[in-house]
Amino acid sequence: MSKECSQPIPPSNTHSAFEWLRSQPIDTLNIVLEEYRHKVTGAMHYHLAADNAENVFLVAFRTVPMDSTGVAHILEHTSLCGSKHYPVRDPFFMMIRRSLNTFMNAFTSSDWTAYPFASQNKKDFNNLLDVYLDATFFANLDPLDFAQEGHRVEFESPADPQSDLVFKGVVFNEMKGAMSSPVSTLWQTLTHHLFPTTTYHYNSGGDPKDIPDLTYDQLTAFYRTHYHPSNAVFMTYGDTPAVEHQTRFEERALSQFEALDHSINVPDEQRYEAPIQVKEHYALDESQLNGDQTHLVMGWLLGRNLTLQDVLRAHLLSGVLLDDGASPLRQALETTELGSAPSPLCGLEDSNREMSFVCGLEGSKVENAQALEALIISVLQEVAEKGIPQERVESVLHQLELSQREVSGDGYPYGLHLILNGLSPAIHGGDPVALLDLDPGIEQLRQEIQDPDFIKRLVRENLLDNPHRVDLTLEPDTKLAAHRDQEEAQRLATQKAGMSEADKAEVVGQAKRLAQRQNQEDDPSLLPKVGLEDIPAKMSIPQGTMERVGECPATFFNQGTNGLVYQQIVIPLPELEPELLQLLPYYTSCLAELGAGKRSYLEMQAWQSSVTGGVHASSSVRGAIDDVQNTNGYFVLSGKALVRNSAQLSELMQQTLEQARFDEHSRIREIMAQERAHQEQSVTGHGHSLAMTAASSGMSPVAAMTHQLRGLAGIQFLKELDDGLGETAALKAFADKLARLHQRILAAPRQFLIVGEKEHHQQLKQALDSCLPQTADSPTNFQALTLPQTRHQVRQLWTTNTQVNFCAKCFPTVAVEHPDAPALTVLGGFLRNGYLHRAIREQGGAYGGGASHDTDAAAFQFYSYRDPRLAETLQEFDNSIEWLLNTKHQWRQVEEAILGVISSIDKPSSPAGEAKKTFHSTLYGRTPEQRERFRQHILSVTLEDLQRVGRTYLQPEKASIAVITSSAILQESGDLGLEVHQL
């Protein structure tokens, strides 16, 4: 333990099976980190003791596959399909329904597999802990579950051995979807060459061409060697004492194990003596081929991630080179003509045992590879010779300090965020305590950077003089997907040709046995549960205070933000003609990335990094609580900073808004190219959301606008817009429109939102007041944005670069205040739990599927995600409605659906996130009273309500449909009677 740390304080009570090693307060995180070792097996337990009722658990195993069959990933899925004490077919998804969890999942990383959950309810937490311990240490691993979750062959008509063989499996289809993304292919290809001999050489998720090689015996052998306490790390967070967790660990699992006589570790990689050049291809649909689409990247293998100083120095190196547009390497990549945008891989990868640094371009040409290498090396050489201005280095340290202090939790629970930050060193034999307590390391770095040669040495030692480098060119190939499909078909044909009659009978028999298993009704009483009686009576909603700053209204929330302040300037959207409204997303993308006043964008970027944790603009539009056709919207400029920088934050935000420049045309061009790349890459990861947005686009003005601005139609418009911006006149005209839109925003009334700690209230108010003009003109004749009413059906099929499909079917419904809205909200979970999960995921092979009610769009939405089927899935949506109306159901199923909705409503976010949610919900009429009222109505929903709203609203003739697929699948399956669009 470092000299700066407090003396170890043993906990008052330690379980006899565990040895206490140390306790270390980390004041900046408001935790005490306790470290224990299980005496018999050697399993480590790290407990992050905190005054937080949202308790978090995670158990992780070192999983080190040496092939791309996806064994670790498929094991993660299969272990959750039944265990020794919970012999039901699907305990994981059944527990999601029987729980008030705030998070439940499982992750497969490159060299570890983790099983985390979180809950605010102690009974619920212990229920989940029992199930998770049993699933991980005593999994049943039924061969039929391996066939369902991993891979299997079936006849196209399962009972007809004369039909063709096909591959099926949830992970098989998941990875087909994942590897449809060029960026995923780029990363896997780079690591394949950057790590020639270790586990990172392989695709831990599984390569679709290799997944069918995995046998059941290999899966069970991997489980026996890897899922053992000696190879496990336990991590917990919250206000439950470590001894309570350890009692359960020991009783439910650890007492039944002895120590393993071997350890599982990742060795050091064998180092290259000189850089290597690699050229490979990725699959691209011919309809998507448009201009330069080659990826060029350079990747260096750095040192180990085991010590705080090594990790912080690597982050400092990456930060000074790439943090923002004023950083030398990012500036070079953004402004060069060699490609359209910096590669999405740019930056530091620090989760593997040995870190890597990557930079490069997308939207380039094969012949630009040498020129890009020369550009990057010249930038690095200049930095190695001349260094970086001291204020820029200080800015990177400032960002590290801010990230250490910020209480996150708007995505993952805050405790899980901390646990994941400490997991990599815990897995790799480093010190998670040191990696979580950044302050001593930052202070040491602050001393080190006083040496003017420090950054120069970092660049030279880690990059310029480091021969372990891969220069990768990844070129699109429009024939590759068809070639892979042909290889797969030939493989299956060869396999079928070699089958005996007994082999064919076994395939038919397995399909029959699997269908029987999928349709069996498990006894839910075998699993623990919480009920409606365990739900808290009230929501936890923070209260703000309304004040005035200058001439403007301001809402203050006193929240535990750990020394940070969050500020927003909130402006109602003005009336905009269609040509300006269409540009709203690009205006918000550009605003905080441009210059302001006399400062260039480079100077503004540098200023932002030195005093804030980021400034960004956004906009939103929502329907009224009683009528989705009646809308209003807001523009928001957001920023955050350490409290000591609150005055500079206010000044910077005012200048960003009041003095924004739209005359840096080349910068605008760069931002648009990056925006296009980002939107195009989003399709395979968020296809289900885009399909639902398209299908519901005829049901409300907000849904129509979302589809046109940020959905599939928006991506299509952006591609056309970006293609035209190469012309100087077109670029100037675009910039002029952004400036016009900006003037409309400036002419609207405004208000402020401030979130910070109570003791800083007056300081924050004064900081804002000092930046505002003493007098402000009150806008006259302000007209708020109104959207045209809409209510029509949509039937669309969109083609893009994908190996799998995304399906959506939507039905028009009602706004949130309508008496039927609570029942429709519960109905989504009811249909997912009772029918759709089985039909779409388990039987259909899609990675996911379900239903939900969108009260903003007044739409009930069915969806599937990474789905091998199209027409069959659309039919399953209708079949679920028939199941709802014509099957006898139990109250238990309704209760489970209600629990799911309440869990979602009550899920906490960060202190700042809770304040922002309350403020913006209230802006749109979703006051605390309305939200509480809606929650109470959820608790009162009955089975009769669900069937009534299903019969009333889910009428097949009123459905709208949108699917995303590939041109090859379209050619094979036909257009399904839908209007075809090419993305």
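Which residues is Gln 608 in contact with, leaving aside its neighbours within four places in sequence? I began my notebook with this residue, and I found Gln 608 in contact with Gln 399, Ala 592, Val 615 and Leu 652, where contact means heavy atoms within 4.5 Å.

**Ground rules.** I am working with a predicted model, in which local features need pLDDT of at least 70 and side-chain atom pairs count only at pLDDT 80 or more, while totals for chains, interfaces and linings use all residues. Residues are numbered from 1 along each chain as its sequence is written, and side-chain values use heavy atoms, with hydrogens and water left out.

**Entry on Gln 608.** I placed Gln 608 in helix α21, which covers residues 601-611; helices (H or I, at least four residues) and strands (E, at least two) are DSSP runs, numbered from the N terminus. I then looked up its accessibility and noted that Gln 608 is buried, with a relative accessible area of 9%. The terms here are buried for under 20% relative accessible area, exposed for over 50% and partly exposed in between, with a 1.4 Å probe and protein chains only.

**Entry on Ala 384.** I found Ala 384 in helix α11, residues 369-386, and at 7% relative accessibility Ala 384 counts as buried. Not counting residues up to four places away in sequence, Ala 384 touches Lys 456, Val 459, Arg 460 and Leu 464.

**Entry on two helices.** How do the axes of helix α29 and helix α34 cross, and within what distance do they come? I noted that α29 (residues 821-843) and α34 (residues 943-953) have axes that come within 9 Å and cross at roughly 95 degrees, and that makes α29 roughly perpendicular to α34. For this I took axes as lines fitted to C-alpha atoms, for helices over the stretch in contact, with angles that run from 0 to 180 degrees between N-to-C directions. Angles under 35 degrees count as roughly parallel, over 145 as roughly antiparallel, 65 to 115 as roughly perpendicular and the rest as oblique.

On the α29 side I listed Ala 823, Leu 824, Val 826, Leu 827 and Phe 830, which meet Leu 943, Asp 945, Leu 946, Val 949, Gly 950 and Tyr 953 in α34. The residues of this contact divide into nine nonpolar, one polar and one charged, where Ala, Val, Leu, Ile, Met, Phe, Trp, Tyr, Cys and Pro count as nonpolar, Asp, Glu, Lys and Arg as charged, and the others, Gly among them, as polar.

Apart from its neighbours within four places in sequence, Tyr 953 is in contact with Phe 811, Pro 812, Thr 813, Val 814, His 818, Asp 820 and Leu 824. Tyr 953 and Thr 813 are 140 residues apart in sequence, yet 6.1 Å apart from C-alpha to C-alpha.

**Entry on aromatic rings.** How many aromatic pairs does the structure hold? I recorded 34, where rings of Phe, Tyr and Trp (its six-membered ring) pair if their centres lie within 6.5 Å, and planes under 30 degrees apart count as stacked, over 60 as edge-to-face and the rest as tilted. Among them, Phe 117 and Phe 125 form a tilted pair, 5.0 Å centre to centre with 55 degrees between the planes. Phe 117 is buried at a relative accessible area of 1%, and Phe 125 is buried at 3%. I also noted Phe 860 and Phe 862, an edge-to-face pair at 5.3 Å centre to centre and 70 degrees between the planes; Phe 860 is buried, and so is Phe 862.

**Entry on charges over rings.** I noted that the charged end of Lys 84 sits over the ring of Phe 138, 5.5 Å from its centre, and that Arg 599 lies over the face of Trp 607, at 4.0 Å from the ring centre. A charge sits over a ring if NZ of Lys or CZ of Arg is within 6 Å of the ring centre and within 35 degrees of the ring normal.

**Entry on loops.** Is Asn 30 buried or exposed? I found Asn 30 in the loop between β1 (18-26) and β2 (31-38), and Asn 30 is exposed, with a relative accessible area of 51%. Its phi is near 55 degrees, a positive value in a residue other than glycine.
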